[in-house]
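Hello,

Here is the structure I promised to pass on. Please open it first, then read my notes below.

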Amino acid sequence: MTSLNLEENFQSKIDTEIKIEPKDWMPDAYRKTLIRQISQHAHSEIVGMLPEGNWITRAPSLRRKLILLAKVQDEGGHGLYLYSAAETLGADRDELVQQLLTGKAKYSSIFNYPTLNWADIGAIGWLVDGAAIMNQVMLTRTSYGPYARAMVRICKEESFHQRQGYEIMMAMAGGSPEQKAMAQDALNRWWWPSLMMFGPRDSESAHSDQASKWKIKRKSNDELRQQFVDVTVPQAERIGLSVPDPDLKWNEARGHNDFGEIDWDEFWSVVKGNGPCNRQRLQARIKAYEDGAWVREAAMAHAEKKEQRKIEPEAAVKAA
C-alpha cells in the first residue's frame, strides 16, 4: 500500500469514528502531536499535585485532609495513566520526564500561581478542575484509543475533584463575613488564570486545525472557554459570589455570556516561564526526582535479581 493510500485509509478510520490503536499505521505528525499533547497533560497532572499538596497538613479538619489527600493521590495516578498512554506511541517515559525537568516540555500554566489560603483549594477544585473537565470530557472521544480510554476514568475522578472544590467554596461563602471574603478573593485571583487554561485564541493556536481534522480535539479553545463561562457564572451566583469581570453580561441574541478580554501578555509570560511560581514548581519536581533516585535504583536492582533467579534454573535444566 502506498503512502497516499495509507493516509487515506487512516483518515477514513477517523472520519468513521474508528479508534486508532497503537499497532495501526499513523502519520508521523499524528504520533508526534499526540506525544506532545499527552505528555504535557501528564506533566500537568504531576506538577498539579504541588499547589494542593502544600495544604494537606493545614486543612481545617480531618475530613478535609482525607479528601484533599485522596485528590492529590488521584492526580498522581492520572499522570501515570497518561505517561503509559504516551508510551504506546513509542515515547520513552524517562525522556518525557527529562523534558519536564529541563524546562523543554510545557505543562498547564495554571499551576504556576500560588495557593495563599484554604479558599484557594476550593477555587482550584471548582474552577481549575472544572475547566479541566471541559477539556477532558471532549478527550474521551479523541481518535486515539488508549488516550480516549484513559480519559474516561480520569474524567470520573475529576468530577469528584470539581464537586469537592465547589463544596468548599459554598461552605465558605455561607460562613462568616471573613470566610465569604476569602472565598471571593480566591475567585477574583483564580478566575482569569482558569480562562487561560483553554489556551490561546483559536486564531493564534498553532495546532488546532490539524488536531481537529484528526479528531484529537473535538472543540476549539474558544468554544470550550465559552462553555466554561456559561456553566460557571450561574454556579457563582448560586452561592453569592461575583465573577470579577465588569464586562460580563448575558447576551440574549447569542444565547451565551459575553465576557471581557483575557490579559494575553500575562498568559504568554507565564507560559514562557515568568509566572509567580514557575521556578518554584520546577525546582520542586527536580528535587523530588533527585531524592527518588535510590528508589528507582532499588527497583531496578530488584527486577534484575528477580530476572536472574528466573534464568538460573532454566539454564541448569538445559545443561542437564
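Helices α2 and α5 cross in a right-handed sense. This is a predicted model. The two axes, of α2 and α5, come within 11 Å and cross at roughly 65°. On the α2 side, the residues that meet α5 are I35, S39, H43 and V47. Their partners in α5 are L96, V97 and L100.

Next, α5 itself. This helix spans residues 93–101. Its buried residues are L96, V97, L100 and L101. Why do they sit on the same side of α5? Because they cover an arc of only 140° around the axis. In general, an α-helix has 3.6 residues a turn, so residues three or four places apart point the same way. The face turned away from the buried side carries D94 and E95, both exposed. The cover over the buried residues of α5 includes α2 (28–47), α4 (62–87) and α12 (278–291).

At its start, a side-chain oxygen of D92 reaches to within 3.1 Å of the backbone nitrogen of D94. Just after α5, G103 takes a positive phi of about 85°.

Helix α12 is one of the elements covering α5, and N278 is found in α12. Is N278 buried or exposed? It counts as buried, because its relative accessibility is 9% and the cut-off for buried is under 20%. Leaving aside neighbours within four places in sequence, N278 is in contact with Y107, N112, V270 and G273.

Now the core. The largest nonpolar core has 78 residues. Which of them touch the most other members? They are Y30, M169, W190 and W191. Helix α6 (residues 118–139) gives this core its largest share, 13 residues. In soluble globular proteins, nonpolar side chains tend to be buried together.

Y30 is worth a click. Not counting residues up to four places away in sequence, Y30 touches F10, I14, I20, S143, Y144, W214 and I216.

Last, the whole chain. The secondary structure comes to 13 helices and two strands. Of the 320 residues, 46% count as buried. The C-alpha atoms fill a box of roughly 85 × 50 × 30 Å, taken along the principal axes. Take the contacts between residues at least 6 apart in sequence: 77% of them join residues at least 24 apart.

Best wishes

Conventions. Residues are numbered from 1 along each chain as its sequence is written. This is a predicted model: local features need pLDDT of at least 70, side-chain atom pairs count only at pLDDT 80 or more; totals for chains, interfaces and linings use all residues. Side-chain values use heavy atoms; hydrogens and water are left out. A nonpolar core is a set of buried Ala, Val, Leu, Ile, Met, Phe, Trp, Tyr and Cys residues joined through side-chain atoms within 4.5 Å. Buried means under 20% relative accessible area, exposed over 50%, partly exposed in between (1.4 Å probe, protein chains only). Helices (H or I, at least four residues) and strands (E, at least two) are DSSP runs, numbered from the N terminus. Contact means heavy atoms within 4.5 Å. The arc is that of the directions from the helix axis to the C-beta atoms. A polar contact is a pair of N or O atoms within 3.5 Å; within protein, one must be able to donate a hydrogen and the other to accept it, and residues adjacent in sequence count only if both atoms are side-chain atoms. Axes are lines fitted to C-alpha atoms, for helices over the stretch in contact, and angles run from 0 to 180 degrees between N-to-C directions. A crossing is left-handed if the near helix is turned anticlockwise from the far one by less than a right angle, and right-handed if clockwise.
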